[in-house]
Amino acid sequence: MAELLLSSLLIAVGLAMDSFSVSLAGGASLKEQIGKTAVTAGIFFGFFQFAMPLLGWAVGVPITGMIDPFGYWIVVGLFFFIGGKMIWDSLFGKEDGVSLVGWKVLLLLAVATSIDALAVGISFALIGEAILFPAVIIGVVAFVFSFFGVLAGHKLSSILGNKMQIFGGIILVLIGIKFLIEYCL
């Protein structure tokens, strides 16, 4: 049981880094409702990080054929677009950046950052391991990382101003590049 907990925590931390980075970038553009947004982002990211391994495990190997041709390209495009928009807006006058307040943006980002978790679920199915306990750990860790990412992004933004928005945009573009290198090339 201790070995399963440790491996689940390590997987969860690895998976939560994208959610944390996105939350950090989104928190940088917040001016109000920081606590509410941190909780909402945590719920969205945590839920999808929890649900995607379950989906991957339930569907198993056949879904990889559906995802492989185009799914990761969509994820890359989303990160490039949102990150590029943040950089553009911070350099050319619009101060909003990426908003984590709207459920549509949160939904897109939560799905995009949880594609790796889907692959983890498929991997667990392939090796015949149970997924519920690891999925719960993955979801809880993603919630915590996302919650604190929003708070940290907001704090850093109040210290660094629009430089934090540029940094946040760069983080999102780098995540897109990571997906491009790992999954598309």
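Which residues have the most contacts inside the largest nonpolar core? In this predicted model, they are V22, F45, F79, L109, L172 and I175, within a core of 41 residues, where a nonpolar core is a set of buried Ala, Val, Leu, Ile, Met, Phe, Trp, Tyr and Cys residues joined through side-chain atoms within 4.5 Å, and buried means under 20% relative accessible area, with exposed over 50% and partly exposed in between (1.4 Å probe, protein chains only). Two or more residues come from each of α1 (2-27), α2, α4 (71-91), α5, α6 (115-127), α7 and α8 (162-184), helices being DSSP runs (H or I, at least four residues) numbered from the N terminus. Leaving aside residues up to four places away in sequence, L109 touches V22, F45, F79, I82 and L100, contact meaning heavy atoms within 4.5 Å.

Residues are numbered from 1 along each chain as its sequence is written. Local features need pLDDT of at least 70 and side-chain atom pairs count only at pLDDT 80 or more, while totals for chains, interfaces and linings use all residues, and side-chain values use heavy atoms, without hydrogens and water.

The axes of α2 (residues 34-59) and α5 (residues 103-113) come within 9 Å and cross at roughly 35 degrees, the axes being lines fitted to C-alpha atoms over the stretch in contact, with angles from 0 to 180 degrees between N-to-C directions. Among the residues that meet there are F45 in α2 and L109 in α5.

The average pLDDT, the predictor's confidence in each residue from 0 to 100, is 81 for the protein; among its elements, α2 has the highest mean (94) and helix α3 (residues 62-67) the lowest (59).
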